[in-house]
2 protein chains.
Amino acid sequence: MIQQTPLAALNERVAAVNDVLNSTSVLTWDSRTMMPAGGAENRGHQIATLTRVARDLLLSAETADALAAAERSVESSAPDAAERRMVAQTRQAFEHHRRVPASLIQERAALRTMAQSAWIEARAKSDFSIFAPHLEKTVALARAYADCIGWREHPYDAMVSIYEPGETAASLGRLFDVLRAGMQPILETARSRPAPRSDFLCRDFPEAEQRAFGLSMAGKLGYDLTRGRLDTAVHPFEVSFTRDDVRITTRYSRNYLPASLFGTAHETGHALYEQGVDPAYTRTTFATDLIGLYAVGGTSFGAHESQSRLWENHVVRSRTFWRLHFPELQRRFSDQLGDVSAEEFYCAVTRVEPGFIRVEADELTYDFHIMLRVELECALMDGSLTVTDLPAAWNAAIKRDLGLDVPDDSRGVLQDVHWSTGYIGSFPTYTIGNVMAAQMMEALRRDQSSLDAEVAAGDYTGLADSLRTRIWRHGRRFTRDELLRRETGRSLDPAPYLEYLRAKYAT
Amino acid sequence: MIQQTPLAALNERVAAVNDVLNSTSVLTWDSRTMMPAGGAENRGHQIATLTRVARDLLLSAETADALAAAERSVESSAPDAAERRMVAQTRQAFEHHRRVPASLIQERAALRTMAQSAWIEARAKSDFSIFAPHLEKTVALARAYADCIGWREHPYDAMVSIYEPGETAASLGRLFDVLRAGMQPILETARSRPAPRSDFLCRDFPEAEQRAFGLSMAGKLGYDLTRGRLDTAVHPFEVSFTRDDVRITTRYSRNYLPASLFGTAHETGHALYEQGVDPAYTRTTFATDLIGLYAVGGTSFGAHESQSRLWENHVVRSRTFWRLHFPELQRRFSDQLGDVSAEEFYCAVTRVEPGFIRVEADELTYDFHIMLRVELECALMDGSLTVTDLPAAWNAAIKRDLGLDVPDDSRGVLQDVHWSTGYIGSFPTYTIGNVMAAQMMEALRRDQSSLDAEVAAGDYTGLADSLRTRIWRHGRRFTRDELLRRETGRSLDPAPYLEYLRAKYAT
């Protein structure tokens, strides 16, 4: 029998953790797309058990021994060698989970069940007082969790590090100051213009034709259906069970065509990232978020979002795209779109109109929704804002940023599921995705002079190949900022995003 | 904090094993119904890891301690008390798996991959020599496995005990002698009759209508779709992820209506068993095959098959059923079945015609296919038959039992997937299912005088209620023969089955 190397022995342990986490993802996908209603309760048990098993495998004595041996064996490797990084990532995750007691995980899970049903009731009745005590406990447990993980400047830093390593309350504050200052005048210009015609988006669009167009579009963008599939879900998502099985979902609104159109483009962007990870990284730390306990190839939530936003907004929500592909859409929906031009269609899907609801927001106002949430959850975490004062603070921020008066809490502070599930710290990643997408596009255009001409001709292979080479194939080997520095010469920078928004919405 | 009882502590461990095994079942279901082709390789890793995790959880020091403590705590319970049986079942499984070294499991898994691709090639080329060396290893590893588990009279006893506890080579030999002797004259009578008209079964039946009829039929029989769903699979099966999520699959042959019709009825029977298990038994040993490492509520493979066969053959493949429901089938397929009467349809779907292929066999000849396989695998296991001599032995048995000359090995010894996957010992359970189904029906008719009238009126609730009370709800609490003795006054008895076949095919 051949003696296994210490690294191979460690990677075998990591592969088992990856298998369990991918299995959890299959169970989650099934529960949101296929599962009959009756299965919900026991599916909850199954997912909880698999998550516990993954953590136990990671923290087992066998993994600890394999990890120590692997660390000794890579001591002489170059600091950024792949094998050294694999070992370091495992060590980091090991120490992370060792610091969080199982009792705290159980408390958070138990609270989540209670908080979610309270939130559903509170939102239906638009009564914040029903949700408030659960949110108080959620914040308290998030504080306890942050204290376990450890933080220096702000307790929020510990939470955001799970989703977007490297970011802190302070770094986000600086980023958001620049964005707010840059975006306010763009928004003012856009709002000062007459609203384009958009009534035709709300006509009757049969689901089968929406699906056919969506599949055709996803294929054009490079989504490989021999390693994927498209299904329907109430809250659309992308999920991968290794790079070789990457599934997307969408929601068909019969009376609002953009929902499935841009939703499918968005999830396709996520899927391209996962399908593009180097096959050699399958079942390794480079395709496993060992800290978040999630089998994923994207290097951070923000980096992942950058790819979905790039394809959704830079490629599909563009004049070029519809100039080229509107005729196909029109052929499929001749009754509904016969009297519409490509230009009218583009103007309608880039219409700017501030509103209360984040998930319905246009591209330009979306980040304001995100920034106010981050501002508020930071303040909740450090205690400068109480849960009691949260609704008023929410409404004041909406007034300040978008000039709107929130009519009730269900269209205000109660609209998002996130806080009821205990997720605090994931919101910033949406805006980081937007910023990173523009920064990458700027770099690609600079390095690849033929890019715009190819895309204008409907050939997306060059764009996909570049993104695969520069980002996707690396999986989680490099951090988001390492990738950005390699590919754009600098870490996260809001300037290209502001430039992109200005060109699209204020010129 | 309330102190857990020792039994509750053990059951928590068992519940985790059940969760992992149910998760494995979700992965298997997905791989056969939904998974894109690309996902196959890594899905194999995921299923293998979950199976290993389940075994490791069962054999862990924590489970050993909890088991010992629980054994002490139930010492004073009645011998057949539920809690005592739960503990005993866990102990039995613990000892079973402790006897089988992980290395042997790995060897069998590695061989399975090789043997399956060899079998596919061998069957395609009808060349037994390609598969023979793998079958030799399979038999050798099955012998090694049987020796680990332990056996007294025959190595086959150890293998069959996994699927059908209580049966042995000797007990099966006795059963089959009675069946062969009883069935030969029935088969002779049936074959002496002129074949009924059956051409209309091969007309063009669109899939959507087949599916609609199948769903309607499953609903009539009592299948609860809020805890289930019907999908398409190449090799149809039923699978449960607890009683609250029990899924069936079928295969639509556009030019052969009976495939989906009776296939759906068959899987519905399996599903009714699983959906009918006492909810209190969810995630306990009474809903988990801890020896076979399979999350299932049926007490043995044979008992499970008895319920699928009961609904498929006693209920749906009956003159009564088609007298009542043929008009609905005719309405859905007016072009195809407009010139056919209910009686003609019944005669066509009960036509007897010996053939080479087990899965295409009629109800009367099916068991001959099973009995010859059991005879041969017994002989392979004890060494009285070599793999080299197997094809000749197969062909001789088909000639002896069905009077047919096997034209080539792909229609003979190479037709079944079972041996290539290492499953030796599961074949008898098909015939045991047939025998048990008839025995239960005889008892139900005796005790419930209104049963036939209800069924003739299309009311299947009384039948389902009786089976739920007598069999389904008990899950794995009682063995198959314990159930039969409680409900029919005797253990497995072939007489009612022979009586049923005689009445249906030779009167």
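Let's start at a ring: Arg309(A) lies over the face of Tyr366(A), at 4.6 Å from the ring centre. Chain B has an arrangement of this kind too, with Arg373(B) over the face of Phe427(B), at 5.7 Å from the ring centre. Keep in mind as you look around that this is a predicted model.

Now for rings that meet other rings. A pair of aromatic rings is described by how far apart the centres are and by the angle of the planes. Over all chains, the count is 33 aromatic pairs. Take Phe326(A) and Phe345(A): their centres are 5.0 Å apart, and with 35° between the planes the pair is called tilted. Phe326(A) belongs to helix 12 (residues 319–332) of chain A and Phe345(A) to helix 14 (residues 342–349) of chain A, so this pair ties together parts that are 19 residues apart in sequence.

Next, charges. Side chains of opposite charge can pair when their charged atoms come close. Over all chains, the structure holds 98 salt bridges. In one of them, the side chains of Arg91(A) and Glu95(A) meet at 2.8 Å, N to O. These two sit four residues apart in helix 4 (residues 82–99) of chain A, so about one helical turn separates them. Arg91(A) is partly exposed, with a relative accessible area of 24%, while Glu95(A) is buried, with 19%; the cut-off for buried is under 20%.

What happens where chain B touches chain A? There, 36 residues of chain B are in contact with 36 residues of chain A. Together the two chains bury about 2,600 Å² between them, with 57% of it on carbon and sulfur atoms. Of the area that chain B buries against chain A, Pro36(B), Asn42(B) and Gln46(B) supply 19%, more than any other three residues. Four salt bridges run between the chains; one of them joins Arg247(B) to Asp30(A), with the closest N and O atoms 2.8 Å apart. On the side of chain B that touches chain A, the elements giving two or more residues are helix 1 (6–33), helix 2 (40–59) and strand 1 (228–232) of chain B.

Finally, let's step into the interior of chain B. Thr90(B), in helix 4 (residues 82–99) of chain B, is buried with a relative accessible area of 0%. Leaving out residues up to four places away in sequence, Thr90(B) touches Leu10(B), Val14(B), Leu58(B), Leu67(B), Thr285(B) and Leu290(B). Then there's helix 7 (residues 155–163) of chain B: eight of its nine residues are buried, so this helix is largely enclosed by the rest of the structure. Its buried residues include Pro155(B), Tyr156(B), Asp157(B) and Tyr163(B).

Note on methods:
Residues are numbered from 1 along each chain as its sequence is written. Chains are lettered from A and ligands numbered from 1 in the order in which they are written. This is a predicted model: local features need pLDDT of at least 70, side-chain atom pairs count only at pLDDT 80 or more; totals for chains, interfaces and linings use all residues. Side-chain values use heavy atoms; hydrogens and water are left out. Rings of Phe, Tyr and Trp (its six-membered ring) pair if their centres lie within 6.5 Å; planes under 30 degrees apart count as stacked, over 60 as edge-to-face and the rest as tilted. A charge sits over a ring if NZ of Lys or CZ of Arg is within 6 Å of the ring centre and within 35 degrees of the ring normal. Contact means heavy atoms within 4.5 Å. Buried area is the accessible area (1.4 Å probe) that two parts lose on being put together, summed over both. Buried means under 20% relative accessible area, exposed over 50%, partly exposed in between (1.4 Å probe, protein chains only).
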